[in-house]
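The following note concerns the ligand site and a few points of backbone geometry. Please read it alongside the coordinates.

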Amino acid sequence: MRLEIPRETERIGAVQIYGLQKVYELDSGPDHEAIFHREDSVIQRISYESLFQVEKEMAIVVPVKDERLKLIEGVLCGIPNQCTTIVVSNSERSPIDRFQIEQEAIRNFAKFTGQKILLVHQKDPLLGKAFAESGYEELIDDQGLIRNGKAEGMILGTLLAKAIGKKFVGFVDSDNYFPGAVNEYVKEYAAGFNMCGETNTFVRISWQSKPKVQDSSLYFAKWGRSTVQTNRVLNRLISMYSGFETEIIKTGNAGEHALSLDLAMDIDYAAGYAVETYHFVNILERFGGLIPEQQKEPGRNAVKICQIQSRNPHLHEVKGDEHVDDMISASWRAIYHSDITPQSLKEALRAEMEERGYLIDGEIPQVKRYPALNKINFQKFSELVEEILQNTDENLFQGFSDTLPISIAR
Ligand code: GDD
């Protein structure tokens, strides 16, 4: 892969947000044949081998909720074999057991490809128990099960990635129509870690285009409707601290993103669709030095947020205007309720939310938040998870040996 080094950087405390990096070449050859390589170039070349090394240490979490099997299979097909895939399904169990159908399809897929796949159901009572017994009750509802939601599935996926000893965790939605795009995202995650370092790094993808049919022809929109709104407000927040207007943030609610696991364990999460926006907010809260009482020491390294512009068009299931409004509202609520948001920005947000009809009884509801995963008794959690996986019907979990590629928890 060949991509440009970031041209701009915004620094807030220990947080470095890099400007959007453009990909020039998806494939730029192996180490032993460094095709067109110049040390002084502003374009960095990352060989197959370097990408491979990172991918081997990366888990890709695929959240699923009642998606079409053809789409899920296409997504799995785009994930490089050297990664470990963790499918976190919250699909319905009755009247039709969609999870059972997913199990069959994914089991077959794993047999054909040898891809290492861990498939779990978000509502598995034993997984709920594992969280509760390891001291992370916040994720559990009153029936002892993990709560619904994509963010909640992501939290589960992140801890499973840590439990199987990965260094990086990346996320890819399961409703993507283009396996080639999925493959590109994973390569870009690997390229981001290669360029920015293996610790305290966050890689976020901005799609170059999102195709739509308009007046009977294809139109390649540059920005999603919720992304524009989230970016605008996050950039304003940053400008208010730096004193300079900025457009640095292009990935305010990027569903496609990857983190080094140390960072993933060290940040708070917001529920539902606020999750990606709150990543920015919480990283600034913790490492930006803006609220001294909440300031965390990120170790010797700064927290780096790297934004990469992908080349494949992003085509996913379209879920309607109401869904877009829900995402904007959730993102803005996460910003509104942060202690780092200045009063004048809160007032401007309130006015816009009122105009858009996002207030409930005149109030801006809080977004549910989850504390950093570091609070969990991780030793206990991994023992419980290993026990669950060893007792699956298929009894296939053996630390993902090469001959046993799939593990399905119940
Ligand atoms: N495990 C799990 N649990 N997965 C879920 C759940 C759940 O409760 N709810 C949704 N998912 C899965 C979906 O099956 C899909 O693969 C993925 O999460 C994204 O959910 P969508 O509802 O399809 O979101 P979207 O495609 O409209 O929005 C995406 O892009 C936004 C940025 O434009 C998401 O990635 C958003 O998080 C992102 O902000």
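1. An oxygen atom of the ligand is placed 3.0 Å from a polar backbone atom of Pro63. A backbone N or O atom of Asn253 is 2.8 Å from a ligand oxygen atom, and for a polar side-chain atom of Tyr273 the distance to an oxygen atom of the ligand is 2.4 Å. The protein buries 95% of the 740 Å² that the ligand exposes when taken alone (Shrake-Rupley method, 1.4 Å probe).

2. This is a predicted model, in which local features need pLDDT of at least 70, side-chain atom pairs count only at pLDDT 80 or more, and totals for chains, interfaces and linings use all residues. Residues are numbered from 1 along each chain as its sequence is written, and side-chain values use heavy atoms, with hydrogens and water left out.

3. The shell around the ligand divides into six nonpolar, eight polar and seven charged residues, where Asp, Glu, Lys and Arg count as charged and Gly is among the polar ones. Strand 6 (58-64) and helix 10 (321-336) are the elements that give two or more residues to this shell (DSSP runs; helices H or I of at least four residues, strands E of at least two).

4. The peptide bond from Ser94 to Pro95 is cis, with omega near 0°. Pro95 is in the loop between strand 7 (84-89) and helix 3 (98-113).

5. Asn200, not a glycine, has a positive phi of about 50°. Asn200 counts as buried because its relative accessibility is 6% (buried: under 20%; exposed: over 50%; partly exposed in between; 1.4 Å probe, protein chains only). Asp361 also has a positive phi, near 50°, but counts as exposed at 76% relative accessibility.

Conventions: A polar contact is a pair of N or O atoms within 3.5 Å; within protein, one must be able to donate a hydrogen and the other to accept it, and residues adjacent in sequence count only if both atoms are side-chain atoms.
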